[in-house]
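Welcome! Take a moment with the sequence and the 3D view, and then we will walk through them together.

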Amino acid sequence: MAKRNNISTTDFILLGLFPEFQYASLLVYLILLVYLIALTGNSILTFLIWLDVHLHTPMYFLLSQLSLIDLFYISSSVPKMVINHSLGKHSISFIGCGIQMFFCLSLGGAECLLLTFMSYDRFVAICNPLQYTVIMNSKVCLLIAVASWTGGALNSLIQTIYTMHFPICGLKEINHFFCEMPAVLKLSCEDTSDYEMVVFVVSIIFILIPFNLIIASYIQIFLTVLKMKSPEGRNKALATCSSHLTVVSLYLGPGIVVYMTPGSSHTPALDQGLSVFYTILTPMLNPIIYSLRNKEVVGALRKVLRKKLVSK
């Protein structure tokens with residue numbers, strides 16, 4: 001009670017990740033380790049793509065954008081959670097909650113759009129290779145990046161403003177480790193069913209349609225790959241595509257459950273567990289998935305390490 005007495009009446013209380021879990025400190029520090037791995041992996045991948053001219057292609061440009069999104073995405077929730085736990089605090093201001101929600105929604109939406117564009121890039125590269133450089137030129141790549149970031153930001157701005165305008169009744173306790181929109185909506189003392197329907201429709205645009213487009217792209221890709229006569233070309237195409245599909249499954253799968261099913265059908269613990277996948281685990285796994293199975297990225301890393309060793 002003493003802690004809550006020091007909290008402003010306008011502040012929210014973040015109960016944290018699995019608040020009833022006995023080893024909460026161990027869990028938080030494990031997530032901090034994941035955060036550091038994600039920062040290191042995405043930073044190295046972005047640096048390699050920027051440094052190595054052999055990686056100055058549309059596919060790697062889009063991959064660098066994904067790494068940037070992941071860097072900001074995981075940073076929008078984990079540092080606040082770790083700081084709150086370390087200081088023994090649970091509060092977040094009304095403005096801070098709105099800002100956190102905006103960035104999480106914005107970056108999440110941008111990643112959904114970018115993953116869709118990345119599948120289109122692979123579709124063109126494998127199914128229409130002779131036209132690849134014409135279709136995926138530098139202007140198109142720049143437009144894709146701008147559309148992903150801008151689309152996510154505009155949707156997030158509208159959703160955040162509307163979500164935060166609902167009056168809150170009773171204790172402002174958010175049963176989550178960050179200000180995720182569905183968790184904040186549960187605190188409202190007004191009927192939010194109409195708005196939840198709007199959220200469902202928006203989720204169709206940002207999650208379900210991209211997911212279906214990605215699946216459609218990969219059906220065409222796999223049909224084309226099966227017709228390839230070169231085993232080397234077939235294996236390279238499958239390696240690249242399987243990496244992308246793994247990322248899509250880890251990211252969009254949990255998002256569909258959280259944003260496209262009724263909130264009453266799942267518990268706060270399930271929401272938190274699923275949120276960990278697309279806000280924490282996926283940003284860490286993306287550079288690992290794309291790098292370990294990619295000879296060009298591994299080759300670029302070896303070149304950089306070799307130059308460092310020679311310079312010493």
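**A walk through the helices**

S64 counts as buried, at 8% relative accessibility; buried means under 20% relative accessible area, exposed over 50%, and partly exposed in between, with a 1.4 Å probe and protein chains only. This is a predicted model, in which local features need pLDDT of at least 70, side-chain atom pairs count only at pLDDT 80 or more, and totals for chains, interfaces and linings use all residues. Residues are numbered from 1 along each chain as its sequence is written, and side-chain values use heavy atoms, with hydrogens and water left out.

S64 is found in helix α3; helices (H or I, at least four residues) are DSSP runs, numbered from the N terminus. From S64 to M197 there are 133 residues in sequence and 34 Å in space, C-alpha to C-alpha. Helix α3 (residues 58–75) also holds I74, which is buried with a relative accessible area of 0%. The C-alpha atoms of I74 and I280 are separated by 5.6 Å, although these residues are 206 apart along the chain.

Now look at helix α2, residues 24–51. Its 28 residues reach 40 Å from first C-alpha to last, close to the 40 Å expected at 1.5 Å a residue, where the expected span is 1.5 Å times one less than the number of residues. Buried residues of α2 include L27, V28, I31, V34 and Y35. An α-helix has 3.6 residues a turn, so residues three or four places apart point the same way.

Next come α5 and α7, which pack at an angle of about 145° with their axes 7 Å apart. Axes here are lines fitted to C-alpha atoms, for helices over the stretch in contact, and angles run from 0 to 180 degrees between N-to-C directions. The contact of α5 with α7 involves 16 nonpolar residues, 10 polar and no charged; Ala, Val, Leu, Ile, Met, Phe, Trp, Tyr, Cys and Pro count as nonpolar, Asp, Glu, Lys and Arg as charged, and the others, Gly among them, as polar.

Where is empty space left inside? A probe the size of a water molecule, rolled over the atoms, shows this. A cavity is a set of points on a 1 Å grid over the protein atoms alone where a 1.4 Å probe fits but cannot get out, and its lining residues have an atom within 4 Å of a point. The largest cavity is lined by 23 residues, with L105, G108, G109, I207 and Y259 nearest its centre. Its lining divides into 15 nonpolar, 7 polar and 1 charged, and α5 gives the largest share, 6 residues.

Technical notes:
On a 1 Å grid over the protein atoms alone, a cavity is a set of points where a 1.4 Å probe fits but cannot get out, and a pocket is an open set with protein on both sides within 12 Å along at least five of seven lines; lining residues have an atom within 4 Å of a point. Helices (H or I, at least four residues) and strands (E, at least two) are DSSP runs, numbered from the N terminus.
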